[in-house]
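Have the structure open while you read.

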Amino acid sequence: MNAQFKRGIVELCVLSELVDTDMYGYQIINNISQHLDVNENTIYPILRRLTKDGYFTTYLEESSQGAPRKYYKITKVGFDYYLKLRDDWDAFIGGVYDILNKGGKKHEDILRRFKERT
Amino acid sequence: MKTFLEDLRKELKKQNLNDVEIADIINDHEEMISQAMEEGLSEDQIVEKFGDPEQLAEELSKNASDDEGDETEISNDSSLIKTISKEGIDTVDFKLIHEAIDIQASSSDQFEVHGKNIALKYYNIFEKSGTLHIERKHTMDIKLRIMRDHGEIFILKIPKDNQLKLMDIKSKASDINIDHLKADSLEIKTVSGDLNITNSSIHDGQIKAISGDAQIKGSSFDSVIISNVSGDYRFKNTKIENSLTIGSVSGDFFAEDSEAKDVVYRAVSGDFEGREFYPKTLTLKSVSGDITINNKDKERPIEIKSKKTLSGDVNIN
């Protein structure tokens with residue numbers, strides 16, 4: 001997948017993870033890589049950039065095991081940005097599916113379209 | 001995992017990141033790698049999870065250069081962006097995020113769009129089949145970046161006495177100021193921006209908001225529908241020919257020196273207060289919010305259609 005495009009989607013996912021709870025970096029990376037095939041070197045730069053842009057703030061908190069953890073917290077602007085990005089995403093993916101599924105989305109439909117092409 | 005961190009440090013140096021930033025990034029990675037080790041991930045698994053230090057460093061330096069690019073493109077001056085002749089324009093459509101919106105009447109005979117702190121390449125401003133569009137470009141398919149609030153303001157000047165069919169504003173956090181607007185319909189959908197409407201004459205008003213506050217002064221409507229979660233609403237010197245319908249959770253509602261025919265107010269904990277407010281009929285429903293109306297003119301009757309509250313007080317004096 002195009003790297004630029006993938007970054008945009010991962011950015012949306014990172015924002016979404018933080019909507020209801022603060023998390024530390026490793027936790028975010030773990031949660032997202034359970035669903036998507038991305039690794040740290042995609043997610044961490046996004047966390048860092050969104051923090052720089054004022055969408056997240058960070059704070060340190062002691063953990064029961066080992067060193068203190070850096071938690072990320074979404075800001076008001078971050079949340080507004082998330083809403084906007086989500087709208088864009090919904091519109092975009094909706095349009096994509098409109099195109100892909102216009103002749104039906106089952107495999108037989110797709111095959112039929114190909115066979116009956118003029 | 002020493003090698004990963006050392007390689008990363010080397011690569012970051014190569015990308016010319018400054019020492020403070022490098023130390024911070026290395027710190028974050030020490031923390032995350034130690035967490036991965038605590039979880040019992042093997043060295044191979046960790047390498048797979050964290051990927052290639054060279055790529056990571058490249059990605060991080062791209063961030064840094066993106067930021068520098070931004071600042072140069074935004075001018076602080078308020079400037080005229082576009083003028084459009086008023087013929088044929090009956091609708092204005094805003095789709096924005098946090099940019100403030102200022103709508104004014106002007107003595108010019110053209111629509112004028114002015115901007116302050118606006119980086120034009122992020123916006124589409126155009127006229128199409130009678131509609132003036134002012135919108136933030138879709139960002140999903142182009143490069144995703146910025147959007148921090150840089151104090152962007154759009155100022156729309158409408159020829160005075162021009163009657164619009166529709167003023168449609170969709171935004172997330174824009175503060176909106178509307179003065180001397182004449183429109184058949186005004187539709188506003190926002191999350192957290194504040195709203196100010198003054199001296200306007202609107203047939204149908206529809207406002208959907210989550211937490212923004214609103215002030216409506218010296219204006220007239222045929223009907224108004226407001227739905228809102230926690231914002232406060234104040235009406236002053238405003239006349240509503242027919243119905244005013246308000247649904248709120250915890251926002252307060254205050255009307256002073258105003259008129260409406262049929263008022264429906266539904267809220268959970270928001271208070272409703274009227275002073276010199278003379279609706280013909282009132283339907284009130286709240287869970288814990290108080291309802292108070294204080295009017296001087298005792299001759300003007302207010303018909304209470306229904307009045308329900310669980311624990312709030314209802315006082316109509």
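## Ground rules and chain B overall

Accessible areas here come from the Shrake-Rupley method with a 1.4 Å probe, and for residues only the protein chains shown count as cover. On that basis chain B exposes about 15,200 Å², with carbon and sulfur atoms supplying 45% of it. This is a predicted model, so local features need pLDDT of at least 70 and side-chain atom pairs count only at pLDDT 80 or more, while totals for chains, interfaces and linings use all residues. Side-chain values use heavy atoms, with hydrogens and water left out, residues are numbered from 1 along each chain as its sequence is written, and chains are lettered from A and ligands numbered from 1 in the order in which they are written.

Chain B has four helices and 21 strands (DSSP runs numbered from the N terminus: helices are H or I with at least four residues, strands are E with at least two). Of its 317 residues, 47% are buried (buried is under 20% relative accessible area, exposed is over 50%, partly exposed is in between, with a 1.4 Å probe and protein chains only). Take the contacts in chain B with a separation of 6 or more: 36% of them are between residues 24 or more positions apart (a contact means heavy atoms within 4.5 Å).

## Salt bridges between the chains

Over all chains the count comes to 23 salt bridges (a side-chain nitrogen of Lys or Arg within 4 Å of a carboxyl oxygen of Asp or Glu). Glu21(B) pairs with Arg48(A) at 3.8 Å, N to O. That pair crosses from helix α2 (residues 19-38) of chain B to helix α3 (residues 40-52) of chain A, and both Glu21(B) and Arg48(A) are buried.

Asp24(B) and Lys70(A) also form a salt bridge, again at 3.8 Å, N to O. Asp24(B) sits in helix α2 of chain B and Lys70(A) in strand β3 (residues 69-74) of chain A, so this pair joins two chains too. Asp24(B) is partly exposed at 30% relative accessibility, whereas Lys70(A) is buried at 14%.

Lys76(A) and Asp80(A) form a salt bridge with their closest N and O atoms 2.9 Å apart. They are four residues apart in helix α4 of chain A, so about one helical turn separates them. Lys76(A) is partly exposed at 44%, but Asp80(A) is buried at 4%. Asp80(A) also touches Ile97(B), Lys172(B), Ala173(B) and Ser192(B), leaving aside residues up to four places away in sequence.

## Charge patches on chain B

A negative surface patch includes Asp175(B), Asp252(B) and Asp313(B) (patch residues have over 30% relative accessible area and no salt bridge; like charges are joined within 9 Å, nonpolar side chains (Val, Leu, Ile, Met, Phe, Trp, Tyr) within 5 Å). Asp252(B) is in the loop between β16 (239-248) and β17 (253-267), partly exposed at 33%.

On the positive side, Lys261(B), Lys280(B), Arg300(B) and Lys305(B) gather in a surface patch. Lys261(B) is in strand β17 and is partly exposed at 33%.

## Two positive phi values

Asn199(B) isn't a glycine, yet has a positive phi of about 50 degrees; look for it in the loop between β11 (195-198) and β12 (201-208). Asp257(B), in strand β17, has a positive phi near 45 degrees.

Note on methods:
Lys, Arg positive; Asp, Glu negative; His and termini not counted. Charge placed at Lys NZ, Arg CZ, Asp CG, Glu CD.
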